[in-house]
Amino acid sequence: MTGASSGLGQAFARHYAARGAQLGLVARRADALAQLAAELPGEHLALPADVGDRDALTRAAEAYLAQVGVPDIVIANAGVSVGTLTECPEDLAAFERVMRTNVNGMVASFQPFVEAMRQRGSGRLVGIASVAGIRGLPGAGAYSASKAAAIAYLESLRVELRGSGVRVVTLAPGYIATPMTAVNQYPMPFMLQADEAARRMAKVIAAGRGYAVVPWQMGVVARVLRVLPNPVFDALFARAGRKPRGLPL
């Protein structure tokens, strides 16, 4: 599981550890990972790595495979978010970092496990996308683009693995109370606490559903957003709240 040191990733870790799973915990902050692993019931591997560093992520995956074996579930949860504006040259680096983490990092999180799961004939590859990937949100070009790319990538992977016994699950959460959303200075309807979001998403994962929006109320919003004509969408969202720019990534 990537992005395990805080927010939704930590909530997933607590949920699955409480049910007896042996976890491989991946995140950039080694100290936070070690502390989490020590607090969880059972024995778990703390595997510090930045998902934007493909080689480091591959080494973490190899360590888990060598010590534990082929996992039942891989959750690509790591993600970053920051406000971006195309006209600002200083935001180009932020665009690159968001895409590298949220899209390339997801691919690199799954790659070491796909063939082993296929040979075994079972497994779950779970990608955390976002409702923000349904339509492009103002001031969030990098984040919306990365989550739209994640949704399309996961759909491609799901079709590629059809009939193999390996399920690909796309989760598109709405607002979850995490450090990522704590900086937002605008209304966030239907917000879930991280532990409740993890509990609901775990049900979707267990069922092997191909795609789900959590909570269901945001699923209704997502369906409406998909069909809104561009002029209506543009008028409604032109003055929408925007995430702060210049946040640390």
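Which residues lie nearest the centre of the second largest pocket? This tour of a predicted model begins with that question.

**First stop: the second largest pocket**

Select Met-1, Gly-24, Tyr-64, Pro-71 and Ile-73; of the 23 residues that line the second largest pocket, these lie nearest its centre. To see the elements around this pocket, display strand 1 (24-27), helix 3 (54-67), strand 3 (73-76) and helix 4, which each give two or more residues to the lining. Helix 3 contributes the most, with four residues. The space in this pocket comes to about 440 Å³. If the lining is coloured by residue class, it divides into 17 nonpolar, five polar and one charged.

**Second stop: helix 3 against helix 4**

Keep helix 3 and helix 4 in view. These two helices pack at an angle of about 30°, and their axes are 9 Å apart. The crossing of helix 3 past helix 4 is right-handed. On the side of helix 3, select Arg-54, Leu-57, Ala-61 and Leu-65; their partners on helix 4 are Gly-105, Ala-108, Ser-109, Pro-112 and Phe-113. This contact comprises six nonpolar, two polar and one charged residues.

Select next Thr-2, Val-51, Ala-76, Asn-77, Ala-78, Thr-101, Gly-105, Met-106 and Ser-109, which line the largest cavity. The structure holds one cavity of 30 Å³ or more, and the volume of the largest is about 30 Å³. Which helix gives the most to its lining? Helix 4 (residues 92-120) does, with four residues. In this lining there are four nonpolar residues, five polar and no charged. Two of the lining residues, Gly-105 and Ser-109, also belong to the contact of helix 4 with helix 3.

Finally, display helix 5 (residues 141-160) together with helix 4. Their axes are 8 Å apart, and the packing angle is about 15°. Helix 4 is therefore roughly parallel to helix 5, as angles under 35 degrees count as such. Helix 4 passes helix 5 in a crossing that is right-handed. To view the contact from helix 4, select residues including Phe-95, Val-98, Met-99, Asn-102, Val-103 and Phe-110. On helix 5, the contact residues include Tyr-143, Lys-147, Tyr-153, Leu-154, Leu-157 and Glu-160. Coloured by class, the residues of this contact divide into 15 nonpolar, three polar and three charged. Met-106 deserves a separate selection: this residue of helix 4 takes part in the contact with helix 5 and also lines the largest cavity.

Definitions and conventions
Residues are numbered from 1 along each chain as its sequence is written. This is a predicted model: local features need pLDDT of at least 70, side-chain atom pairs count only at pLDDT 80 or more; totals for chains, interfaces and linings use all residues. Side-chain values use heavy atoms; hydrogens and water are left out. On a 1 Å grid over the protein atoms alone, a cavity is a set of points where a 1.4 Å probe fits but cannot get out, and a pocket is an open set with protein on both sides within 12 Å along at least five of seven lines; lining residues have an atom within 4 Å of a point. Grid points are joined across faces, edges and corners, and a volume is the space filled by probe spheres set on the points. Ala, Val, Leu, Ile, Met, Phe, Trp, Tyr, Cys and Pro count as nonpolar, Asp, Glu, Lys and Arg as charged, and the others, Gly among them, as polar. Axes are lines fitted to C-alpha atoms, for helices over the stretch in contact, and angles run from 0 to 180 degrees between N-to-C directions. Angles under 35 degrees count as roughly parallel, over 145 as roughly antiparallel, 65 to 115 as roughly perpendicular and the rest as oblique. A crossing is left-handed if the near helix is turned anticlockwise from the far one by less than a right angle, and right-handed if clockwise. Contact means heavy atoms within 4.5 Å.
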